Amino acid sequence: MRKKRLSLEQTKAWYGVLFVSPLILGMVMLFLLPLIQSFRFSLSTIQMVEGGFAVLPTGFRNYVSLFASNPDYPRLLVEGVVNMVVNVPIIIIFSLFAAVLLNQKFKGRALARAIFFLPVILASSALANLDISSFVGGSALSGSGDGSNMLQSFELKKMLLDSGMAPIVVNYITSAVDRIYEIISSSGVQILIFLAGLQSISPSLYEASKIEGATGYEIFWKVTFPMMSPLILTNLVYSIIDSFSRNKINTLISQTAFKTFDFGLSAAMSWVYFVVVAIILVISTALVSRKVFYYD
């Protein structure tokens, strides 16, 4: 019986499987197996014994102790979620605004782009751990505690309240002004992604809009913004993960594992954190993806 040969499409499909097989193998060996092992640790108590360690099953005791007898973990978890909810929308808006400006033709455009991306390049482990407040520690405002942050946005807050804006909106804006360094330093990758997306938009769309008499405001909301909506979703996911990957709760998880050597409790912390981040990602992606426009 003559052996049936693969079609061209089937051959291409097998080439694709062969191409991604190292990634699949690495994901199984370096991600899935440690993930399963960490879940096993979260349901156990690990004790050091001669020649290694012993895993003693304890059920969900580690998860219960996180919220029943651990005063730091619930507080840091709530703080991480609140900071993400506050910072991510500001980062997305600022990144898109900065990318639109940097996409314009002006002298020194390359230097301006490098300046906005500089915080990402300089985000080494040494610089990332520096507190910006340390640079103003010797100033006259350093002795006033939270007063320095209040003075940064006091005039802006007064002006916005006098204009009739709602206090909750004013507090949101002024808190963003107080965290401007953190926002800019967290926006480098997002600006780069938005900038690449802006440069990929066909000039014919803008030309047709101008011929139809559209203003710059209408062009942005009717052409630029819909075309950038897939990248808004991409940057939203990246910003959420980036926000959760560098906060105090990660330090607490690491210290619990490698300083107090409570690997079971640390694994339970990690799994609760993982589930919270996954839920937030699913909800935010489901809400935003409904408004995403894909240009065919």
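Helices (H or I, at least four residues) and strands (E, at least two) are DSSP runs, numbered from the N terminus. The expected span of a helix is 1.5 Å times one less than its number of residues. This is a predicted model, in which local features need pLDDT of at least 70, side-chain atom pairs count only at pLDDT 80 or more, and totals for chains, interfaces and linings use all residues. Residues are numbered from 1 along each chain as its sequence is written, and side-chain values use heavy atoms, with hydrogens and water left out.

**View 1. Overall content of the protein.** The secondary structure comprises 13 helices and 2 strands. Of the 296 residues, 27% count as buried (under 20% relative accessible area; exposed is over 50%, partly exposed in between; 1.4 Å probe, protein chains only). Contacts are heavy atoms within 4.5 Å. Among contacts with a separation of 6 or more, 67% join residues 24 or more positions apart.

**View 2. Helix 9, residues 188–199.** The 12 residues should span 16 Å at 1.5 Å a residue, and the end C-alpha atoms lie 17 Å apart, which agrees. Buried residues in helix 9 are G188, Q190, I191, F194, L195, G197 and L198.

**View 3. Helix 7, residues 167–178.** Here the 12 residues should also span 16 Å, and the end C-alpha atoms are 16 Å apart, in agreement. V170, T174 and A176 are buried in helix 7. They cover an arc of only 155° around the axis, so they sit on the same side of helix 7. The arc is that of the directions from the helix axis to the C-beta atoms.

**View 4. The bend in helix 3, residues 72–102.** Helix 3 has 31 residues. Its first and last C-alpha atoms are 42 Å apart, close to the 45 Å expected at 1.5 Å a residue. Helix 3 bends by about 25° at N87. A proline, P89, follows within four residues. The bend at a residue is the angle between axes fitted to the seven residues ending there and the seven starting there.

View 5. Strand 1 (residues 44–49) and strand 2 (residues 52–57) run antiparallel, joined by 6 bridges. Two strands pair if DSSP finds at least two bridges between them. T45 stands opposite L56 in strand 2. The hairpin has 2 residues between its strands, and G51 in the turn has a positive phi of about 85°.

**View 6. Surroundings of S42.** S42 belongs to helix 1 (residues 8–42). It counts as buried, at 0% relative accessibility. Leaving out residues up to four places away in sequence, S42 touches G59, N62, Y63, G264, A267, A268 and W271.

**View 7. Aromatic pairs.** Rings of Phe, Tyr and Trp (its six-membered ring) pair if their centres lie within 6.5 Å; planes under 30 degrees apart count as stacked, over 60 as edge-to-face and the rest as tilted. The whole structure holds 11 aromatic pairs. F244 and Y273 form an edge-to-face pair, 5.7 Å centre to centre with 85° between the planes. F244 lies in helix 11 (residues 216–245) and Y273 in helix 13 (residues 263–289), so the pair ties together parts 29 residues apart in sequence. F244 is buried at 3% relative accessibility, and Y273 is buried at 8%. The rings of W271 and F274 have centres 5.5 Å apart and planes at 75°, so this pair is edge-to-face. W271 and F274 are 3 residues apart in helix 13, about one helical turn. W271 is buried at 17% relative accessibility, whereas F274 is partly exposed at 41%.

**View 8. An aromatic cluster.** Ring pairs link Y217, F220, W221 and F225.
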